Amino acid sequence: MGGTWAKGPVKNQHRRGFLSELTNAQWVRCFAALMLVFLDSWLLNQYMFPQFTLVYGMAREFGTLSSCLTNLSVAIVASLRPDVFQPRRFGIAALVAFVAGLALVALGIATNQPFALAAGSMAMNGGRTLITICACIVLISMSGRASALCIAGSLAMAYVLRSAIVALPDIAGTTLFVLAPIAILALTRPYAVSLFDDIRANPAAATLALTEPRSFLPYSHILFVSFFVFRIAFGYSLTFGAVQGTPPFTLLPLLPLALVAIQAAVAGKAAPADILYQVACLFVLAGFLAVLIPQVSGTAIANTLLATGGDCFSVLMYYTLAAIGRRNPLQALPIFAWGQCASIIGTLAGTSLGHLTNGLFASDASLIPATVAVCVLAFVAFNLTALRGFGFEKTIEGVEGVPRLAPGSTQVVSEPIGKDSRGIDFIDRQCEALAVRFGLTERELDVFRLLAHGRNVPFIEEELVISRNTIKTHIKHLYQKMDLHSQQELIDMAETY
């Protein structure tokens with residue numbers, strides 16, 4: 001009885017904390033910003049891209065390529081030089097690129113100039129990409145449950161707004177597209193500034209990953225491959241059966257999104273990521289198979305199922321990236337950018353596949369079953385082989401927190417290292433003993449000793465006058481020989497051996 005009674009107050013306390021988080025200005029503003037992010041992507045496909053096809057259809061692909069390259073650049077630079085991401089300059093660069101791109105797009109459409117349209121599409125989408133990153137990174141400051149509700153709820157609300165916008169004149173949709181990115185930046189910038197400053201104050205993710213491999217996901221991780229594969233379905237739904245460049249519109253995807261939001265709000269926790277993935281898989285497979293049914297030919301059923309699966313996966317993708325960023329905020333910026341880069345490449349592949357299928361419909365419909373069969377086989381094979389043993393929840397839980405450095409410091413913030421009564425450095429003696437036990441080379445011992453004193457890679461480079469790649473090799477050998485996975489484990493071993 002006592003244990004049961006005790007659970008009640010704890011549960012009520014959690015509920016009050018969750019409700020307090022939802023009524024917080026930060027959550028409300030992030031919800032509104034994400035809703036505009038999702039809505040703006042639809043506005044782009046619904047109102048802007050159809051105008052591109054009248055002048056230069058490839059301008060759409062140039063814009064998508066620009067988004068991909070922008071995300072790739074942010075991911076690389078944020079991993080190597082996070083100090084360059086000054087919040088004010090980041091916001092100004094995003095706005096300037098977006099506004100300049102809009103001006104060139106308007107010029108290209110008005111004067112029927114393909115070059116101006118393509119250049120404007122690239123600048124406009126590059127600016128939109130930077131603004132989206134600014135909005136998404138705020139998710140890491142929320143609890144998992146609150147972020148899940150924010151993502152699913154904002155995407156569901158975007159669908160509701162779509163049904164109202166389609167009834168308005170086209171000029172209204174175009175105007176909303178122009179204003180949305182500006183509003184997104186205004187809503188999230190106050191909260192993104194502190195996150196950017198924290199990232200800038202610490203060493204680069206690429207440097208910290210050398211000593212804390214469990215805290216950083218490599219860009220080759222299967223998680224990002226899954227993003228690429230699944231977004232193929234989204235890209236396919238955008239172009240397959242499209243009329244004059246406009247994808248079919250439906251509200252069916254609203255149902256699973258609403259269920260995810262209700263789960264997060266009522267059940268006391270976010271829906272398990274792996275279950276959400278399985279639901280998304282079922283919708284995608286159903287969408288591809290629906291193409292083969294003669295009775296639904298010429299309808300939007302296949303697109304609807306594919307879009308529903310794609311939207312379920314969008315919730316999963318943003319939730320996973322936010323959860324990983326929450327566990328290691330120092331990787332939040334590069335991981336969001338890289339995740340979206342993989343997603344966009346998948347979308348490009350999907351749109352190409354959709355165009356191919358449309359062409360087969362027009363020329364020889366008998367080739368469609370073979371094309372769909374190949375797509376389904378590849379999708380199922382990927383899930384049964386590449387994703388065997390993989391789990392989204394397991395990936396999230398496998399990311400460890402990373403020790404922070406004080407601004408300008410070259411040493412991990414930890415307890416002072418003492419010396420024994422004879423003045424001989426105790427840690428150095430421990431390192432020498434461990435080097436004998438595990439067969440470390442002389443140079444490995446030098447690196448081991450500095451790591452045990454809490455030094456980071458830049459300090460070791462300067463102290464030992466060796467390259468970063470050489471240090472990386474020594475650290476790899478150290479961790480393998482001593483069965484270590486982080487610098488903190490190394491320090492603990494040196495202090496307690």
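The structure is a predicted model, in which local features need pLDDT of at least 70 and side-chain atom pairs count only at pLDDT 80 or more, while totals for chains, interfaces and linings use all residues. Residues are numbered from 1 along each chain as its sequence is written, and side-chain values use heavy atoms, with hydrogens and water left out. The chain holds 20 helices and zero strands, where helices (H or I, at least four residues) and strands (E, at least two) are DSSP runs numbered from the N terminus.

- The chain exposes about 21800 Å², of which carbon and sulfur atoms supply 64%; accessible areas come from the Shrake-Rupley method with a 1.4 Å probe, and for residues only the protein chains shown count as cover.
- Among contacts between residues at least 6 apart in sequence, 81% join residues at least 24 apart, contact being defined as heavy atoms within 4.5 Å.

**Helix 2 against helix 4**

- Helix 2 (residues 25-55) and helix 4 (87-111) have axes that come within 9 Å and cross at roughly 45 degrees; the axes are lines fitted to C-alpha atoms, for helices over the stretch in contact, and the angles run from 0 to 180 degrees between N-to-C directions.
- This angle makes helix 2 oblique to helix 4, given that angles under 35 degrees count as roughly parallel, over 145 as roughly antiparallel, 65 to 115 as roughly perpendicular and the rest as oblique.
- Helix 2 passes helix 4 in a left-handed crossing, that is, one in which the near helix is turned anticlockwise from the far one by less than a right angle, clockwise being right-handed.
- Met48, Gln51, Phe52 and Val55 of helix 2 meet Val105, Gly108 and Ile109 of helix 4, a set that divides into five nonpolar, two polar and no charged residues; Ala, Val, Leu, Ile, Met, Phe, Trp, Tyr, Cys and Pro count as nonpolar, Asp, Glu, Lys and Arg as charged, and the others, Gly among them, as polar.

**Helix 11 against helix 14**

- Helix 11 (residues 273-290) and helix 14 (residues 368-386) pack at an angle of about 165 degrees with their axes 9 Å apart, which means that helix 11 is roughly antiparallel to helix 14, and their crossing is left-handed.
- On the helix 11 side the contact involves Tyr277, Cys281, Val284, Leu285, Phe288 and Leu289, and on the helix 14 side Val372, Cys375, Val376, Phe379, Val380 and Asn383; by class these residues are eleven nonpolar, one polar and no charged.

**Helix 16 against helix 20**

- The axes of helix 16 (residues 426-438) and helix 20 (residues 487-496) come within 8 Å and cross at roughly 100 degrees, so helix 16 is roughly perpendicular to helix 20.
- Phe426, Ile427, Gln430, Cys431, Leu434 and Phe438 of helix 16 make this contact with Met493, Ala494, Glu495 and Thr496 of helix 20, and the contact has seven nonpolar, two polar and one charged residues.

**Buried residues within helices**

- Val55, in helix 2, counts as buried at 18% relative accessibility, and beyond its neighbours within four places in sequence Val55 is in contact with Gly108, Ile109, Asn112, Gln113, Pro114 and Leu117.
- The C-alpha atoms of Val55 and Phe115 are separated by 9.9 Å, although these residues stand 60 residues apart along the chain.
- Thr320, in helix 12 (residues 301-327), is buried with a relative accessible area of 0%, and, its neighbours within four places in sequence aside, is in contact with Leu223, Phe392 and Ile396.
- Ala152, in helix 6 (residues 144-165), is likewise buried at 0% relative accessible area, and its C-alpha atom is separated by 9.0 Å from that of Leu316, 164 residues apart along the chain.

**Positive phi in loops**

- Most residues other than glycine have a negative phi.
- Asn112, in the loop between helix 4 and helix 5 (114-136), has a positive phi of about 60 degrees although it is not a glycine.
- Asp483, in the loop between helix 19 (468-482) and helix 20, has a positive phi near 55 degrees and is exposed, with a relative accessible area of 57%.

Notes. Buried < 20%, exposed > 50% of the residue type's maximum accessible area, 1.4 Å probe, protein only.
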